[in-house]
Amino acid sequence: MPEGIIPELLIVLALVLLIAGVVVATRRRPKREGVATKEDIEAVEPAVETKAEPERPTQEVIETPSLVTAEPVARPTLRERLGKSRKFLGDRLADAFRGAPDDATWDDVEAALIQADIGIGAATKIVEDLRSKARERKVTEAGEVRSLLGEQLVELFDTDRDRALGFASDGPPVWLVVGVNGTGKTTTIGKLARDLSERGRSVALAAADTFRAAADEQLGIWAERTGSVLIKHQPGADPGAVAYDALQHVRAKGVDVLIVDTAGRLHTKTPLMDELGKVRRVIEKESPVQESLLVIDATAGQNGLVQAREFAEATGVTGIVLTKLDGTAKGGIALAIENELGIPIKLIGVGEGLEDLEPFDPKTYVDALLT
Ligand SMILES: Nc1nc2c(ncn2[C@@H]2O[C@H](COP(=O)(O)OP(=O)(O)OP(=O)(O)O)[C@@H](O)[C@H]2O)c(=O)[nH]1
Ligand SMILES: [Mg+2]
């Protein structure tokens, strides 16, 4: 073999290897960019999923009926649920507390409280007290005055009061639900039945609204949805008789709770108010009425106060359910009712769904309204 060939061959071989290496590398590069590695997939996947599944508004999650779900449902805070009710007072107070408080601030706060249905007398008193407290404590910063106002408002409620619904020690408790037309009585009954059945209690619903067409059908739907028993008579029947029969049924069958739906009636119509008194008396001959719950539509404003007065006289109201606080209500009516009539608000309705009923807690409520 001629001298010099071997080094040349080695050079050629090296060149061939070099070219082959370059070709392989060039071919692989686009592949590496296009096909994600496992790590790439893991890094990219969440973003892709979030994009593919559009973000759902919180409301959608809340409105999903979950009658017997064992899973805790993500629920919004009361603050979020109060919606416009909260915004009404919040916006006005934010305007009033723009700078250090002066005479105009106090006037604006008073006006805001009156507009929020707290009542003129209560609003004037609150502002007078607030003003002297702020002076005493040398509070000048808007945020601090606002929290002082919160304290004042909570003080209007009796915070030690027992707001739980009554249960009898012997026999099934009877809860009578009353109120003017369309305030949310039947819907509240559905929500209560759902809550009770979730806690493992059996429920019977008495369709003592024999006046409005298809009222028993509406209650029947709630009974079906909540697994409750429905006791009804013919349309136009005596509501007292329905309540009586229902009571016999729950006693015979050992049902845990009886809730009696009644027809909506104007508090100004004496015969209708008397009829309600009669229903109560019919039940009470047999068994005490643990709760006579007055349902008030919070959007009715100060008129709610008048209703509460009249119904309290006719049926001895034991507690109030304030509904539609998720709507355009101004929220202050809760304070007016407790402050002026001393009837405890026990529950609040914050929507049309089965889970839109909350126990009423003064501090949580005031915090939600103000912050
Ligand atoms: N937004 C909102 N709507 C509610 C609430 N409670 C009840 N409603 C609605 O108010 C309307 C009337 O509710 P009902 O439960 O039929 O009222 P009712 O007092 O039984 O009415 P009558 O039997 O006719 O006197 C319905 O459209 C309900 O969905 C609530 O808390 N928030
Ligand atoms: Mg009804």
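Tutor: Let us begin with the ligand. By class, the shell around ligand 1 comprises three nonpolar, twelve polar and seven charged residues. Please bear in mind that this is a predicted model.

Student: Which residues come nearest to ligand 1, and which helix gives the most to its shell?

Tutor: Of the 22 residues around ligand 1, the nearest are Gly184, Thr186, Thr187, Gly264 and Gly349. Helix α9, residues 185–198, gives the most to the shell, with three residues.

Student: Why is α11 called roughly parallel to α12?

Tutor: The axes of α11 (residues 239–253) and α12 (residues 270–286) cross at roughly 25 degrees and come within 9 Å. Angles under 35 degrees count as roughly parallel, and therefore the term applies to this pair. The crossing is right-handed.

Student: Which residues make the contact between α11 and α12?

Tutor: From α11 come Pro239, Gly240, Ala243, Tyr244 and Leu247, which meet Glu275, Lys278, Val279, Val282, Ile283 and Glu286 of α12. By class, seven of the residues in this contact are nonpolar, one is polar and three are charged.

Student: How do the axes of α8 and α15 cross?

Tutor: Helix α8 (residues 142–155) and helix α15 (residues 362–370) have axes that cross at roughly 145 degrees and come within 9 Å. This crossing is right-handed. On the α8 side the contact is made by Arg146, Leu149, Gly150, Leu153 and Val154, and on the α15 side by Pro362, Lys363, Val366, Asp367 and Leu370. These residues divide into six nonpolar, one polar and three charged.

Student: How do you know whether Glu224 is buried or exposed?

Tutor: Glu224 has 10 C-beta neighbours inside 10 Å. A residue with 12 or fewer counts as exposed, so Glu224 is exposed. Glu224 lies in helix α10, residues 215–226.

Student: What share of the whole protein counts as buried, and how many helices and strands does the protein have?

Tutor: Of its 371 residues, 38% count as buried. The protein has 15 helices and eight strands. Among contacts with a separation of 6 or more, 74% join residues 24 or more positions apart.

Key: Residues numbered from 1 in each chain as written. Chains lettered and ligands numbered in written order. Predicted model: local features only at pLDDT ≥ 70, side-chain atom pairs only at ≥ 80, totals over all residues. Axes fitted to C-alpha atoms, helices over the stretch in contact; angles between N-to-C directions. Helix = DSSP H or I, 4+ residues; strand = E, 2+ residues; numbered from the N terminus. Parallel < 35°, antiparallel > 145°, perpendicular 65-115°, else oblique. Left-handed = near helix turned anticlockwise from the far one by under 90°. Contact = placed C-beta atoms within 7 Å. Nonpolar A, V, L, I, M, F, W, Y, C, P; charged D, E, K, R; others polar. Buried ≥ 20, exposed ≤ 12 C-beta atoms within 10 Å, placed from the backbone. Near = placed C-beta within 6 Å.
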